[in-house]
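Reader: Walk me through this chain, please. Start with how its elements are defined.
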Amino acid sequence: MGQDGAHAVLRPVGGGGEGRTDPGRVRAATLAERLSAGVRAGNRRARQTVAQALDVDPDRPSRAVAGCAECAHLDRERRAARAAFDWSAQTDANVLLRRHRNADHAA
């Protein structure tokens, strides 16, 4: 961003708090670093926007609806995958449960 006395002033690409460091330790970011930082910032903004619009936390798995056989089945699959440390199967069960809830239990 600039210089403040004897310090270089930096700020992350996606926004955030400023940081100060010795100007001798600063170098220009490579094209790959700038692109990567821009993509991360854009993804973070998009996730926040979607979560706010849907009023959900995309990092929190859906809960099974009491009395629903399909929800109970997917919840059992998710728990079994978690117990087996099968993160791919756990994610699959989370996605299927969220889709089922959105399709069959929409408010």
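Author: Helices (H or I, at least four residues) and strands (E, at least two) are DSSP runs, numbered from the N terminus. This is a predicted model: local features need pLDDT of at least 70, side-chain atom pairs count only at pLDDT 80 or more, and totals for chains, interfaces and linings use all residues. Residues are numbered from 1 along each chain as its sequence is written, and side-chain values use heavy atoms, with hydrogens and water left out.

Reader: In what pattern do the elements follow along the sequence?
Author: The order is β-β-β-α-α-α. That comes to three helices and three strands.

Reader: How many salt bridges are there?
Author: A salt bridge is a side-chain nitrogen of Lys or Arg within 4 Å of a carboxyl oxygen of Asp or Glu. The count is four. One of them joins Asp75 and Arg78 at 2.7 Å, N to O. Both residues lie in helix α2 (residues 69-83), three residues apart, about one turn of the helix. Arg79 also meets Asp75, at 3.2 Å.

Reader: Is Arg78 buried or exposed?
Author: Buried means under 20% relative accessible area, exposed over 50%, partly exposed in between (1.4 Å probe, protein chains only). Arg78 is buried, at 6%. Asp75 is buried too, at 16%. Arg79 is partly exposed, at 44%.

Reader: Which other salt bridge can you show me?
Author: Glu18 meets Arg20 at 3.8 Å, N to O. Glu18 is partly exposed at 38%, and Arg20 is partly exposed at 48%.
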